Amino acid sequence: MLRFDPNLRWMYTEIPMLERYRAAARAGFQGVEVAFPYEYPAAQIADLLGENGLTLVQVLTPCDWAAGERGIAALPGREDEFRRSVDTAVAYAVQVGKPMIHAMAGNLPAGADRSRCRATFLENIARAADIMAGEGLTLILEPCCRARFPDYFYSRIAEGAGLIEEIGRPNVKLCFDTYHVQMEEGNITNTLKKAWPHIGHVQIGNAPGRHEPGPGEIHFPYFFAQLQALGWDRWVGCEFEPSGRTDDCLAWGQPYGIRNPDA
């Protein structure tokens, strides 16, 4: 059976962050993703996870998201800052159950030398992967659609797979996010199969509104069946903005043990 985990940056936003862990557990989730958990001590988050029987599935390397940054791994001149962000993420991850770490590439400035950005990204990710490998951690890369991040370093699944092959580190994997794939290129099932050897994480969000399965153009029962047929036995991250109160938007998850605990 597929295992789903909510991204607590997107879901349960009607309640404070530290209360979202319990809310997720009450709904039947066994894992969560938290993009930037760093404002809370790792020991506190580890306790919350343990108290609620949850696994922390994925975090991001720190960046100034509020200022519009979408990572810095492909930005020349910020290599030292990226290394520090990796050190922060790794030190935190080892205290909270060793989640996967997503290193975002960043938005390229106008007029940026793309070949230089690419070289910077390859070098940064290879170095980060080696550091993470020493702690048994997986580094995740995720292309993001231009509809959402028009200046982002890469946008298509094949680009991500090609970069992973070039980096050549076994602990660097690809995140397949249905929202980004559908918005950028469509053809979800064939794209999934082509990239399958490189995929280390799957996230779901419907298009075009990035809501839960149901309201949108992706037929998720079919997609879930394809994942199961391919033998997916890892997490599926819920990377979507609920179209209403979170617990009221979980009907899609009933076959997988996810439910509205108040219904």
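Modeller: A residue is termed buried under 20% relative accessible area, exposed over 50% and partly exposed in between (1.4 Å probe, protein chains only). The model is predicted: local features need pLDDT of at least 70, side-chain atom pairs count only at pLDDT 80 or more, and totals for chains, interfaces and linings use all residues. Residues are numbered from 1 along each chain as its sequence is written, and side-chain values use heavy atoms, with hydrogens and water left out.

Colleague: What is the radius of gyration of the protein?

Modeller: The protein contains eight helices and eight strands, which are DSSP runs (helices H or I, at least four residues; strands E, at least two) numbered from the N terminus. The globule rule, 2.2 Å times the number of residues to the power 0.38, is compared with a radius of gyration taken over C-alpha atoms. The protein is as compact as a globular protein of 263 residues, because the rule gives 18 Å and its radius of gyration is close to that, at 18 Å.

Colleague: What share of the contacts with a separation of 6 or more joins residues 24 or more positions apart?

Modeller: A contact means heavy atoms within 4.5 Å. Of the contacts with a separation of 6 or more, those between residues 24 or more positions apart account for 75%.

Colleague: Against which elements do the buried residues of α1 pack?

Modeller: Helix α1 covers residues 17–26, and its buried residues are M17, R20, Y21, A23 and A24. These buried residues pack against β1 (3–6), β2 (31–33) and α2 (42–51).

Colleague: How many residues apart in sequence are the parts that D130 and R169 tie together?

Modeller: A salt bridge is a side-chain nitrogen of Lys or Arg within 4 Å of a carboxyl oxygen of Asp or Glu. D130 and R169 form one, with their closest N and O atoms 2.8 Å apart. D130 belongs to helix α4 (residues 114–133) and R169 to the loop between α5 (157–167) and β6 (172–177), so the parts tied together are separated in sequence by 39 residues.

Colleague: Which helix holds both D80 and R83?

Modeller: The side chains of D80 and R83 meet in a salt bridge of 2.4 Å, N to O. The two residues are three apart, about one helical turn, in helix α3.
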